[in-house]
Amino acid sequence: MANILLYYATIAGFGDAADSHLRAAVAAPAKAGGEQKKAEEVKKPEPKKEEAAPKKEEAAPKKEEAKKEEPAADDDDEFDMFGEITEEEKQAEEARKKAMADAHSAKQSNLPIAKSNVILNVKVWDDTIDLNKVEELVRAIEMDGLQWGPSKKEPVAFGIFMLQISCVIEDDKVSTEDLEEKITSNDEYVQSVDIAAFTKV
């Protein structure tokens, strides 16, 4: 717009004074624009430096290396739980077992022995059998934990008698089944054996 005014003023012949005023008016906006541009350039912020960021990334691998090194320290503390037993350990275990067995045996020896009193009826085939001979055969039976007691003759029927004999047995050593089997093995004299009484002593 200023250039157009300058053109018309020149043509109209307003002279040098008008020309200088118009030139100054044209130059003023240009000068103001230049100063404004410089001010904007001064105010324009400088780009932020991003050089410090990579340092954090460099520190991360060091932490990972430290973590990888930790299991190595744990390996030193590990030990073999299922390793071979030494000779000293074997001897110590045997001594411990022997001590326990001796203590158990001593405890059992202090316990009272369980005994029972048994009365047996020994029946013969007929009245021709000598009961004295039968008693002799019965008392000849010997077993660990068996002690014979008194005996007597008891009538059965038709003039036949049986031998009734008592004994004391240790329950852990003598069974009545074994005792009856030994008595009936004299089958030439003995027909059968019955338990008349069984009581704990």
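**Figure 1. The whole chain and its surface.** The protein has an accessible surface of about 16,400 Å² (Shrake-Rupley method, 1.4 Å probe), and 54% of that area belongs to carbon and sulfur atoms. This is a predicted model: local features need pLDDT of at least 70, side-chain atom pairs count only at pLDDT 80 or more, and totals for chains, interfaces and linings use all residues. Residues are numbered from 1 along each chain as its sequence is written, and side-chain values use heavy atoms, without hydrogens and water.

**Figure 2. Helices and strands in order.** The protein has six helices and four strands. Both are DSSP runs, numbered from the N terminus: helices are H or I with at least four residues, strands are E with at least two. Along the sequence the pattern reads α-α-α-α-β-α-β-β-α-β.

Figure 3. Four strands form an open sheet in the order 2-3-1-4, with antiparallel pairing (two strands pair if DSSP finds at least two bridges between them). Strand 2 (146-157) and strand 4 (190-200) are the edge strands, and each pairs on one side only. On average, neighbouring strands are turned by 20 degrees against each other, direction ignored (axes are lines fitted to C-alpha atoms).

**Figure 4. Strand 2 beside strand 3.** Nine bridges join strand 2 to strand 3 (residues 160-170). The two run antiparallel. Ser151 stands opposite Ile165 in strand 3.

**Figure 5. Helix 6 on the sheet.** Helix 6 (residues 176-184) lies across strand 1 (115-124), strand 2, strand 3 and strand 4.

How values were computed: Axes are lines fitted to C-alpha atoms, for helices over the stretch in contact, and angles run from 0 to 180 degrees between N-to-C directions. Contact means heavy atoms within 4.5 Å.
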